[in-house]
Structure formats: structure tokens, C-alpha cells
Amino acid sequence: MRFFLLVLFLSVTALVPARAGELQDLLQIHAEEVAKPSRRSVGMLLDDLVASGLPQVPRFLERWAGREVWQGPEGAFVFAEEDGDSLILEDIDDGTTQTVPDDGYTQLRPNGGVRRVIGSALVQFQLADPEISRRMAAVESIARRPAADQLAPLLASIEDEPDPALKVRKTQLANFLTARFGETAEARIAAISSLSSDTSVEARSVLNQILSRDEGVAPSEPEGNIAQILDPMLAPAAYYAQLVDAGFAPMQTTPAMIRAALEANIDGGTVGGVPLAQLNTDAARERAYAALAREGLAPPLVIVETRDHALGAYVFYELYDEKDPAITDAAAAALASVESRVALEQAADLALDGLSLASIYFLAAIGLAITFGVMGVINMAHGEFIMMGAYTGYVVQLFIPDYTLSIIVALPLAFAVTFGAGVTMERLVIRHLYHRPLETLLATFGISIALQQLAKNIFGTQARPLTSPDWLDGAWVISDVIQISYIRIAIFVLALLFLALILCVLKRTRLGLEVRAVTQNPGMAASMGINPDRINMLTFGLGSGVAGIAGVAIGLYAKVTSEMGADYIVQSFMTVVVGGVGNVWGTLAGASMIGFLQKGIEWMNPSNTLAAQTYMILFIILFIQFRPKGIVALKGRAAAD
Amino acid sequence: MHKSFISQNPSVLWFLAALSLFTLTVVLLSEATGTAMISTSFVKTLGKTLCLCLVAIAMDVVWGYCGILSLGHFAFFGIGGYAIGMWLMYARTETIVLDSLSGQVIPPTPQEVSDAIGNQIFGVVGSSEFPLIWAFADSLFLQLLMVVLVPGLLALVFGWLAFRSRVTGVYLSILTQAMTLALSLYLFQNDSGLRGNNGLSGLQNIPGFEQTPQAIISIVFFVASAVALAAGYVFFAWVVSGKMGSVIKGIRDNEARVRFLGYHVETYKLFVFTITAVVSAIAGALYYPQAGIINPGEIAPIASIYLAVWVAIGGRGRLYGAAIGAVFVSLLSSWFTGGGAPDINLGFYTIQWTDWWLVLLGVSFVAVTLFFPKGIGGLFDYLVRKP
Amino acid sequence: MAMLLEVSGVSVTFDGFRAINNLSINFAEAELRAIIGPNGAGKTTFMDIVTGKTKPDTGKVIWGEKNISLLGLSESQIAREGIGRKFQKPTVFEAQTVRQNLAMALENPRGPFAVLTHKKTARNAARIEAIAEEIGLIDSLTRVAGELSHGQKQWLEIGMLLAQEPRLLLVDEPAAGMTVEEREKTTDILRKAAKTRAVVVVEHDMEFVRRLDCKVTVLHEGAVLAEGSLDHVTSDQTVIDVYLGRGHA
């Protein structure tokens, strides 16, 4: 101690540089604390520093916490940077620099606890820092680790905040802090009530923290702000364990304990007077154990009845950490209101999810709807056309590294590739099988098996990436609950485009007219100079081409594998069948129904997507019972056969 | 009447003769008789192939004769396997558990035994509770009943729903495929009560015959499969040869005409659908003890599609065609995928059949559909009628 | 006279198109009747309604002495009630023999178990041969129906209807695509059949109708336009306007 006093004396008098700065003076007064700060006592020093109002203080605090303050051989504090064996010194007050050998200088190393305290003292400076990025960082650091002492500086900084957005954020954060740490109950309740319309995760966590509670058990109802009295009979085993932990009751005798006790006390051929051979029922074992317990050879037998009796004698409760019931009531009310809003937003989010799934099904199924609905041809290789489109996208990206450009190239190319594949298949196989729908089904199975294996042989079994451009990364965040990724929006837009395009082709073009003519009466169409062969070929090509484009879209958000087509084929058929064959609107209705339904079922049982799919298929099977011709059914003679 | 049935269907006699000869040959050459010219594992393969023939015949009746392209019959086959597998697994685990518990001084309670069995069986899916569907697993008789009842009821309910609403043709195929998919997805879940994707295993060990060598067991199952196939063949040949055959072929060719003749078409379809489902399940119950393991992958829709492929390649509408198709394609498939087929070196590329077999199968299937809709069986007909 | 089939006030609409419009028509026991009318007059839809293929929006279809409503019955039940139907295109089971075709149609129990355990009897064989004789296919019993000529297929189908022993036979354009001799034979078969049961023939061909020599009903736009002998209806001006006039123009 004496030594330190000496050092102090020396540093104040002789050894301080002639033009001693104000901060240096202040620091020298607390030199011991500055050199070796402790978490508990550093507060006083910080209070003094803040109270001094010196402009150098924030910078000093930062560098101190950053372990950039050194103490010179004469005890003076300097900012220093190591440079090999020498130090670049910077004066604390006037900022002059010089380079000296590091002999005699010691680095100040405040520990983590101290640095946190320094950090929170810094916050008030940072909140008013001229640099906006520093103010923002300060605000976010408060948001991450809110504490009572930050409320006052935060409130103080709001008024002079020049940036409007940050001002709003500061106000919001101050509101959160007031809700938790406000001085008066009225202020807190007002702040809490203002949170009842805020569905952000932050606001909900503030409310939950106010409502934090502890479970406990006592012989009678305890004092304090009771949140809830619990009924132990809802989960007797768990509550009894709590009772045992609290030391109020002996452990329940488990079958394993009974068994162990019996095994340890075998006396000739019997235990507790019961012959060993009879010990193959629980009742006999309990009898033997009870006998052992009576003789003091085992702890008392606690069976279910004993347990339930003990549970009835105690009160199980939840106690709020917050003492004031008015505040917890307000918080509970606010939370209830927030939660009902969150539920609404979740429903909206679910609807968005359903919509995006519906778009995917629509894209996957619309090509099928054209070939199946318009031509009556079932194409089991449709899924493989989707896969082919996705692989086309993958191959394009191998050659064109720019993702935006590659997608723009891939879409028409995928259409062209699958259009070609579709036309080839129609010419080689399907043409010979018109009016034999089951054989078409089989032949296209064969093609599907072959194509899948072929893809496996070419691209291998592992998943290939199809990377979306940067501007499709991320999500459109509407609130903490409602958000949707841009890719899904893009797929939705693509689906809409296709709906419009296909309607346009079928309703407004010569090709569409001819397709409809061939669909309704091939003989008559042929006699009017329409070549049904050509129309069938083009229709099939169109349907397959759309599958290719769907493949690129699906590949963007799911992995590209040789089996990806098979994953969609059953759903696609379901979409067409449920929607009603031969109708684009029907496919839209079918896709919407299946998309929303699947999301709905997944929401009810989120842990199990397999179960969701199972139930959905069962639902579809039942649905077809009631509307065998689908949602949009054709009536009359056209539907007869 | 019986005489006329056989005399009208000489193919039944030929089939039975060929099957008996084959069975006898295999038994004589197997390890069980000591000649050991056919390994036990190959006996199992042959026995399994006979079961596949039986399910193929059932498929032929429902598709080739009645015109219902069901993509669900391999699911019924799998259900049969699961039903018998539950007993096999339960009984064997029970033996093991009782064995290990018998060393203890204090005899186990029934609860302890059941817990230990549950732990052994369901430990892989993180459970030890017996699901409700295992309620009968301890009884061979009840579980054998399940082999018939569960797929029978499923087919009955599903068929009733589908036929009642006049779902036909490709719609029906897709609907049955959806049913199969739903079933396999359900079984893939860990909490389905059937061990999720682990499936049931160790089925080759027959409880009560732990000391019997697999050589003998394999021959017993082989002969049992042959007997089942023979019985199934005769039964279905009888069904399709009489007036019933006329009606169901009529339904295949022109459903409306049969309806306007006064037959309740839906009842007939339901009859055929259900009875073939039950036979498929019996075939499955014989197949999986020989395979040793069953998992949900076996039930996946693609399996039912392969079943249709066998029948189509073998030749629809003739029972022996279905049997030939099943034997031919399944043995060829295991030859190719098992690496039995020699690679073909094209100079710039070597065709490895493990990779290219499915491509070959797919393409030849398309070719059969296009050019030989009568399949291999059609070739037979041609040869028989020619002289 | 007691009516065998009474259709009254029946209407049916497909997508806004009224195929049958308040149609009322009756048939007596053992009557031969021809129904004519231009395309779209509702002839086939009328048959669909009677045989249960199409359910009408309104109206009644009453059958037999017990006045059963046919609207609640399925196609197969109606067929078992005694209504046989011949389609426009010959629909016989081409993969099966003539004998099998007829055997399937023979009046016998229709349940699957009865069919499964069905035994061939001399009586059934005799009935099959009698019908085959009647339709002129006695020498073709073992032939596969697919090998028959177009006319023979038509006769086989009529034979199958006769084997059903119906009380009402609905025959849709039996003479289409037949040679003159075949038509004559068809006329004979139908007239003979009409002695013991009601036979309703839908036909386009006036010559054929004339040869049937029976009461004629003219349908137009889903309703009865005229009824009577052929000479009577062909002299009716409205009929000439809507059908004959246009047909012969």
C-alpha cells in the first residue's frame, strides 16, 4: 500500500509531463483502480469519469475496454499500440504520438466483467455519438442485453436524436425498458399496455420476461404474486418428483427398486416370507417388499395410493418473479391480446405458404392437365420431364456462371429440350397407343423408369444445385410472423404467367382453336382440314415443355435429383384429377385445394410431414367419392365416356 | 364338372406338371437332401420367385381379366408380409427375452417380459410401448387371420369407395397408386408402430425351430410356396374359366354392356379386387420369411408398377403368362443387378449392367407394350396353335 | 290398356341445353314401336333415362303392374326388372365365343356367388341353341364374336337381349350399316320378338321403319311431336317441316 501511495505521489508531482491533461489528472487520482479494476468497485471510478463531462472520456473508455491503454514507467496512462519491441504512444488528452521502446510499460487488462460495466457506461456516450452507425450499435447492444440502468440514458438521448428512424427505434426500445424496469407502476403499466398491439418477437419476449415465473411446492399457499395453483394429479409422477426434491416426501418405490430390494434380501427360498417362485406378479412383490420394510430392511413402500395422498397434502404453485399483481395482470392481458394477433398473422402466413405450394403444384400439374385433360393421354413420364428441365438448368449454369443470365437462358432452353423430348415420345410411342389409355400409362411408365436411370447414370445419385440469382435470395418480411421468400414469390408469379399464357394459347390462338376442335370431335376436325396428328404432337410438346419450365422453377428451391420427378408425379395427378380433367381452371382449383390442404394439415401436425401427406392422400381419395369428376366437372355428353 | 374344367384348361395340367417337376428337382438338389447342388440362398431366391408368381397371377386376374390396372397389389403383398412378420418378430424376441430373464433369481412379471420385448423391438425408433396394432402379435393363429383380414378389408373398403363412384380406367390406377403411396408414407413414420423405415427384420428365424438348419427351413418354405402357387393357380383358373370368367372379361371389354345385361358390375369388381388382394397378401406372408426383412420401401408405388411390368411382359389375360413374366423378369433383374451379366465394352464407354439394367427394362417394356401386347405368353399361344 | 312403361313430364338439362323437354311417352305390353327424329331430338338421352344411365331433373318413369319408379334403380337393377338395351354400335364381347356371349345374357341369377358356382345345364344349352337358331347364328356358336360380320354382331346383340328375356326391348339403330338382306332378317327378328314383349326401335332409316309396319313416335327437341302410323306422321306438316323436309332436302 505504501508503495502504491508512493507511486501515486510521484506520478502526481514529479513524473507527470509538464502539460498535464485534465483526464490524465483525473485518472491519476484513481490510478490504482484504473490499473487493476474490479467489477464491483469500478463503478465509482466510472461515475467520476462521467460526472467530469470531459469530451475525452468516451474514447478513453473504449480503448480501456479494448486493452489499448498502457501505464508508463512513471505511472502515466497512455494509449499505445504495439509495434514489434516498441510502442506507438498517444497522449490521452491531446493525442500527440511518439514511438518508444516498450520497456517499463504495462498493458492494462480489465477482465470480462469489468469490460461489460465499462461497456454499459459507454452506452450513454455512444447513444449521443455524432456517428450514426455507433448510435445504432449502441441501441442494438441495449436491445440485446437490456438492463435497468440503460433506461435513463436512453430516454435522455431520444430528444436530440437527429435520425427519424433511429428515433423511432429508440422510443420503442425505451418503451420496452420502461415496461420492464420503469420506476413507477403506472409508467410500467402504460408501457405494457402499449405493447398489446406489437407482434414483434422482441415485444413478446419483453412481456414474457415480465411474466417469468417459478414453480414451487409448499405445505400451504405461499405469500407473493401467485400466477397459478397447479393440479398435481395432471402429471402425478412429475409433481411427486418435485415433492421428493423439496424433501417433503420419500422417493416413490419403483418396480426396479422393489426388485433390487427383494434380490438383496433373499432368505433361503423366500423373500419377506413369500416363496421366490411366486414373485412373478407385482402384487406378490409388493407384499414381500412391505414385509421387508416392516422389518426395516428396506425404505417404506410408496405405491400409487401413498403418492397420491402425499400430493394432496401440498400446494403446487407458480409464483411470478414480479411482485406487483397489477403489473403482471396488465402484462398477461397484453400478452393475450398479442397472441391473438399473432394467431391471425400466422393464419395469413400459412395462407401465403399454401399459395406458394399451390403455385408449385400448379406448375407441376398444368403440363399434365394439357396432355391428360385435352388429349386423354396419361403421361407417367411427366415427372421425368420436370426432372429433365431441372437438369437443363443445372447444365446451363455449368456454362454460364452468371446466375441471372443462366436462369434467363435456362427457362426457354428447358422448354425446348422437354418440348423436343415430348414430341419424340409422342411420335415414337404414344401415337400408336391412342384409345388404349392403360397401355399408354404402362408405356410411359417404362419411359419414366428408363429416363430416371439414365439421369442417374449421367448426373450421379447426389443432388445437384440449381442456384438462384442473388436478387431472389432472402425473404419479403412483412412482420416477425409473416414472411415469404422471394423465390416463392417468383414461382407464384411464374405460375400466374403460365396460367395467363396457357389460357391465351387455348382461347386466343389458331392452335388453341384447333386443339379444342380435335378434343371435342377429332373426326369433324380432320374433315375440316385440321391435321389431328400435328395437333396431338404440338399439344403433347406444349405440355411437356411446360413441365420443363416447371422443373427449372422447382429446381431453384428444391434439390435437383433423378428422383425429383417421381416426388411430384402423384401430387400432379391428384391435382388434375381433383380439379377436373380437361380444364385449366380446374387444375388451378385442384392445385389451390391440395396446396392449402397440405399446409393446413402440416400446421396441425407440424412435426410430421409424412403423416400430413398420408392424410392428404386419404382426403383426396374420399374427395373423389363425392366429386368423381373433380371440382370443375364437365357435364352432359362430353363427360359421358 | 371338375373333369370338364381340367379338360377345358389343359394349361392348368401343364402348369401343375411343370411346377411339380421343378419343385421336386429343387428339393432333390438342395442342401437339405445332402446333394447341395443348389445353395440354400438360391433355394430362397427360387421360393421367393414362386411367391412373386402367385402375386403376379393375382395381378393378372385383376388386370388382365377384369381390366382394373391396380397399382396397389404389391401393397397388399407387403401388408401380408408385415402381418406375418409381426408374429415372427414378436415370438422370436419373446423367446430371447424369456431366455435372458430366466437366469434371474426372481421370476419376471408379465409386465417385465412385455416391457423387455417392447424395448427390444421398438428400441430402434425410441419407444418401448406396444402399439395397439400389435395386440394380436402373440398369437400365430390371430396374426395369420390378419394376413387375410387386413388386406381383405382394406381392399373391400377402398374398392367399394372407388367402384361405387364409378372411378375407372387410368383414374382408378392413379387412385390405387395414391393408396399405395399413402400406405408406404404411413409406414415410413417412426410412430406408425411398425418400426418406421427399419421395418421388421430377422424374419428368417422361425420361432420354435431355432435348432432347425436354414437349409431345411428354406426347403419347407419353398415347398409351401409351390403348394400355394399351385392352389392359387388352380383356384384362379377355375374362377376365370367359367361363367364368372365370362362376366369379368366382359367387364374388361365393355363395362356398360355387362351392366345393361343386369349384372351389378361394382360387386363383381369388388369381388375380384378383394379376392386377388387376399391372395397377394398370402403370397407376401410366404415371401417375407424367406426374404428375412421387410421395410416400407418394399411397398413403395414403384413395386406395384414392376408387378404390372412383369404381368405385361409375361402376357396379360393368361395366367401362365403372368407366372412366366414374374420368373423371367425378376430372375433376369437379379442377374443383371447382382453383377452376373458381363459388362459390354464399347471402346469409348463401358456399359455396366448394374447401371443400365433399368434403362434396358424400361425400353424393353415400352417395346413389349408397343409391339408384343400379348407378351411372352402370346408367343406360347402362337407356338401351341401353329401345328 | 295397362301400360308397361309410362314416362311422364321428364326433363333433363346438360349445361343449359335442354336435351329432354317435358317428355311424356307410354308403351304397352307386346307392342312394336319406332321412334324417329332428327339428330339431337333426344332419342339416345331418352333411352339413357329409361335404362338408368342418366337421371332426369324432373318427371316420372313408372314401370310394370306394380308401378315401380325406375328413377331410384341402378342400371343393372333396371335390366333385371326386364328392360334390355341394344346400343347403336354393336357391343358384343368380341374376345368370347357366341355361346359364351349368349350364356352370359341368359336369364339366370346375377349374383357373383351364383355365377361363380354356375353349372352348365342341358336346359340352358337348349335355350342358347333356340336363340341362336332365331338369330341365325346356330352354326357359329363356337366362333369368337370378334370374327363375326357387322350384321351378325348386331344379331348376336339382339340375341343377347332376347336371352335376357326382357319385357321391354330398346333397340338403337339396328339397321345401320346392314345390307338389304340383313335388314330384312333384322326386321323379322324384331317383329317376331314384339309378339311376346314390347320392342322400341330408334331408327333413322325410313325404309326400315316402313318395313317394321308399326306405330311411330316422332321426337323433336326433346318432346313428342307426333304419334301414329308412319303414313299419318309423314303427312303431318310440322313433322315434314322439322325432320322429313330437312332430311330429304
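Biologist: How many salt bridges does the rule find across the interface of chain C and chain B?

Modeller: The rule finds 2 salt bridges across the interface of chain C and chain B, a salt bridge being a side-chain nitrogen of Lys or Arg within 4 Å of a carboxyl oxygen of Asp or Glu. Before going further: this is a predicted model, in which local features need pLDDT of at least 70 and side-chain atom pairs count only at pLDDT 80 or more, while totals for chains, interfaces and linings use all residues. Residues are numbered from 1 along each chain as its sequence is written, chains are lettered from A and ligands numbered from 1 in the order in which they are written, and side-chain values use heavy atoms, with hydrogens and water left out.

One salt bridge joins C:Glu157 to B:Arg257, with the closest N and O atoms 2.2 Å apart. Between chain C and chain B there are also 11 residue pairs in polar contact, both residues being at pLDDT 80 or more. A polar contact is a pair of N or O atoms within 3.5 Å; within protein, one must be able to donate a hydrogen and the other to accept it, and residues adjacent in sequence count only if both atoms are side-chain atoms.

On the chain C side, two or more residues each come from α2 (75-81), β6 (83-86), α3 (98-105), α4 (112-116) and α6 (150-163). These elements are DSSP runs numbered from the N terminus, helices being H or I with at least four residues and strands E with at least two. By class, the side of chain C that touches chain B has 14 nonpolar, 10 polar and 8 charged residues. Here Ala, Val, Leu, Ile, Met, Phe, Trp, Tyr, Cys and Pro count as nonpolar, Asp, Glu, Lys and Arg as charged, and the others, Gly among them, as polar.

In all, 32 residues of chain C are in contact (heavy atoms within 4.5 Å) with 26 residues of chain B. The area buried between chain C and chain B is about 2600 Å², and carbon and sulfur atoms give 65% of that. Buried area is the accessible area (1.4 Å probe) that two parts lose on being put together, summed over both. C:Phe93, C:Met104 and C:Leu116 supply 23% of the area that chain C buries against chain B, more than any other three residues.

About 4400 Å² is buried between chain A and chain B, with 75% of it from carbon and sulfur atoms. On the chain A side, A:Leu442, A:Ile449 and A:Gln625 lose the most area to chain B, together 15% of what that side buries.

B:Glu112 and A:Arg285 meet through their side chains in a salt bridge at 2.8 Å, N to O. There are 6 residue pairs in polar contact across the interface of chain A and chain B, both residues at pLDDT 80 or more.
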